[in-house]
Amino acid sequence: MSTSPARGANLNAIAEATGLTFEDWAAWLDARGARDLTVHAEIVGLVLERMRSGETAEVGSPEWWAQGVTVAYEQHIGRRRPGQRADGTFAVTASRILEGTREEVHARAVGAVRAALSDGGALRGVGLAKEPTESATATRLFWRAVLADGTRAELATEPRPQTAGKPAKAAVVATHSRAASAEEAAAWKAFWRNLPAAL
């Protein structure tokens, strides 16, 4: 039935959240002609309709889970590869938990990016389209940049739960989006994975 497995999607989580296995979702969507729908939002609409009809378990955050079911289905039918967005571009993430407060870890991560930029003004040979920005929420610190190739880079740092008597730790997550191909996205993932190794 499947032309491409739904890799990269947490199918067990979909089953737990909706009360239906992914296989049930795929068969149900196939029966409604979803393979012929070319607009992502149309498939999301079908999934939401079923969730709201009472045919599924009561779903918390139905819009979010409808996106998850739709992405898994698009991977299942070979329309979307893991990491691929609805617009055809790819996004990847890399993360690491490091010792230090949120502020300390974020400063080190941003410092590592600035050091990489100071060596030729580029990341992986790609320059910046404009100056990076920094912002904060109650829990996260952000560094964001738009690159000359149209891709976007983001560092997000948040504290991890602290154990008494242990040093503070924080997670830094690098997200690189709008890559034109899976191969380019993989190269960015490797770059971001290697960057925190020097911290």
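Helix α4 (residues 62-76) comprises 15 residues and reaches 20 Å from its first C-alpha to its last, close to the 21 Å expected at 1.5 Å a residue; the expected span is 1.5 Å times one less than the number of residues. Helices (H or I, at least four residues) and strands (E, at least two) are DSSP runs, numbered from the N terminus. The structure is a predicted model, in which local features need pLDDT of at least 70 and side-chain atom pairs count only at pLDDT 80 or more, while totals for chains, interfaces and linings use all residues. Residues are numbered from 1 along each chain as its sequence is written, and side-chain values use heavy atoms, with hydrogens and water left out.

Within α4, the buried residues are W65, A66, V69, T70, A72, Y73, E74, Q75 and H76. Buried means under 20% relative accessible area, exposed over 50%, and partly exposed in between (1.4 Å probe, protein chains only). The buried residues of α4 pack against α1 (11-18), α2 (22-31) and α3 (40-53), with contact defined as heavy atoms within 4.5 Å. Just after α4, G78 adopts a positive phi of about 85 degrees.

A nonpolar core is a set of buried Ala, Val, Leu, Ile, Met, Phe, Trp, Tyr and Cys residues joined through side-chain atoms within 4.5 Å. The largest such core holds 27 residues, of which V113, L123, W143, L147, L155, W188 and W192 touch the most other members. Two or more residues each are given to this core by β1 (90-99), α5 (102-118), β5 (141-146), β6 (152-159), β7 (169-179) and α6 (182-194). Helix α5 supplies the largest share, six residues. When neighbours within four places in sequence are left aside, W192 is in contact with A94, V113, L123, W143, A153, L155, A174 and H176. A second, separate core of 22 residues includes L20, F22, V69 and I77. Of these, V69 is also among the buried residues of α4.

The chain contains six helices and seven strands, and its elements run α-α-α-α-β-α-β-β-β-β-β-β-α from the N terminus on. Along its principal axes, the C-alpha trace spans about 55 × 45 × 25 Å. Buried residues account for 38% of the 199 residues in the chain. Among contacts between residues at least 6 apart in sequence, 59% join residues at least 24 apart.
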